[in-house]
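Please examine the fold as displayed here before reading on.

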Amino acid sequence: MRLLLCQRFFVPALGFLLLRPPCAWTGPIGDPEVWSSLPSINFDVSYTGRDSSLVTGLGSAATAAHLAVRSFFGHPFTSRFDIFLLPDRQSTDRQWQRAWGDSTFQSECWMVAGGVADRLDILSPRVWKTEACDHDPADSTGFRRLLTHEIVHVFHGQHNPRPTFDGLDSLSWFIEGVATYASGQLDDRRLAEARSLIREGKDPRSLGTFWTGKARYGMAGSLALFIDKIYGRPVLFDLLAFKEQAAMLKLLGVSEDSLVASWKKFMLADRR
Ligand SMILES: [Zn+2]
């Protein structure tokens, strides 16, 4: 996928900021720009000259997110991974077209990042104002949570037999729900929005509909919260390894209807 022009080496004890200078190499997606790679203990950040002023900050934020995800689940990542800081929407589309084997893919404006077991792609926040929507580059908390969300996907992919989540669309309620919850994106606003929709009778009735609609972060995220609070963190971690909903329900010892009904009761018990 990419041709390294210099050897990687790093000093594990020193962390991200004290590593050797970045090395230049050809781009990850065949584009004509010169890419550089800044290695750290847990991942490499690849970037173009247009984003050289952002890369240290991104690396520090990703290091913090990596630690937060590892602490949340109480388990290590199984391997290092690559972070690509993509300089514009066109290069982001090229990256995803190649990754997903679909040369016609065009991303929506709200799509700014994606994570699988060995890779995290992020559109440079430098161009979010002009080439993205629904994301504010000045919102540092939002950015940290978004990065953590994607690193949860990396962690999840590393603990699942399908590292790229291929064929797991039917488990979006869990894949996205656990990333939303573990990253801190399930804030009071999203919880309140989910609760008011439940009170209006607009709650999802099947697991397949939790990650749909405008309130999908609140719905899917609160389902992961419910599983964590009722079954415990070790069970939430164990669920990462599954690729079939039926087996997940068997582990929880409930039917789909019963899980959804219990989640609804749990949500309505909190009067906020
Ligand atoms: Zn996600």
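Ala61, Ala62, Ala65, His66, Ala68, Val69 and Phe73 of helix H1 are in contact with Arg144, Leu147, Thr148, Ile151, Val152 and Phe155 of helix H4; two residues are in contact if their C-beta atoms, placed from the backbone, lie within 7 Å. By class, the residues of this contact of H1 with H4 comprise 10 nonpolar, two polar and one charged. Here Ala, Val, Leu, Ile, Met, Phe, Trp, Tyr, Cys and Pro count as nonpolar, Asp, Glu, Lys and Arg as charged, and the others, Gly among them, as polar.

This is a predicted model, in which local features need pLDDT of at least 70 and side-chain atom pairs count only at pLDDT 80 or more, while totals for chains, interfaces and linings use all residues. Residues are numbered from 1 along each chain as its sequence is written.

**The helix pair**

Two packed helices are described by the angle between their axes and the distance between the axes. For H1 (residues 55-73) and H4, the axes come within 9 Å and cross at roughly 55°. Such axes are lines fitted to C-alpha atoms, for helices over the stretch in contact, and angles run from 0 to 180 degrees between N-to-C directions. H1 and H4 are therefore oblique to each other, since angles under 35 degrees count as roughly parallel, over 145 as roughly antiparallel, 65 to 115 as roughly perpendicular and the rest as oblique.

**The whole protein and its strands**

The protein contains 10 helices and six strands. Helices (H or I, at least four residues) and strands (E, at least two) are DSSP runs, numbered from the N terminus. Of its 272 residues, 36% count as buried. A residue is buried if 20 or more other C-beta atoms lie within 10 Å of its own, exposed if 12 or fewer, and partly exposed in between, with C-beta atoms placed from the backbone.

Strand S3 (residues 43-48) pairs with strand S2 (residues 34-39) in the antiparallel sense over five bridges; two strands pair if DSSP finds at least two bridges between them. S2 and S3 form a hairpin, with three residues between them. S3 is also joined by five bridges to strand S4 (residues 81-86), and these two run parallel. Tyrosine 47 of S3 stands opposite serine 36, and tyrosine 47 also stands opposite leucine 85 in S4. S3 is mostly covered, as five of its six residues are buried.

**Loop residues**

Most residues other than glycine have a negative phi, and most peptide bonds are trans.

| Residue | Phi | Loop |
|---|---|---|
| Aspartate 134 | about 65° | between H3 (128-131) and H4 (140-158) |
| Phenylalanine 165 | about 60° | between H4 and H5 (172-182) |

With 11 C-beta neighbours inside 10 Å, aspartate 134 counts as exposed. Phenylalanine 165 is partly exposed, because 18 other C-beta atoms lie within 10 Å.

Which residues does cysteine 133 touch, not counting residues up to four places away in sequence? Cysteine 133 touches Cys109 and Trp110. Cysteine 133 lies in the loop between H3 and H4 and is exposed, with 11 other C-beta atoms within 10 Å. Its C-alpha atom is separated by 8.8 Å from that of glutamate 108, 25 residues apart along the chain.
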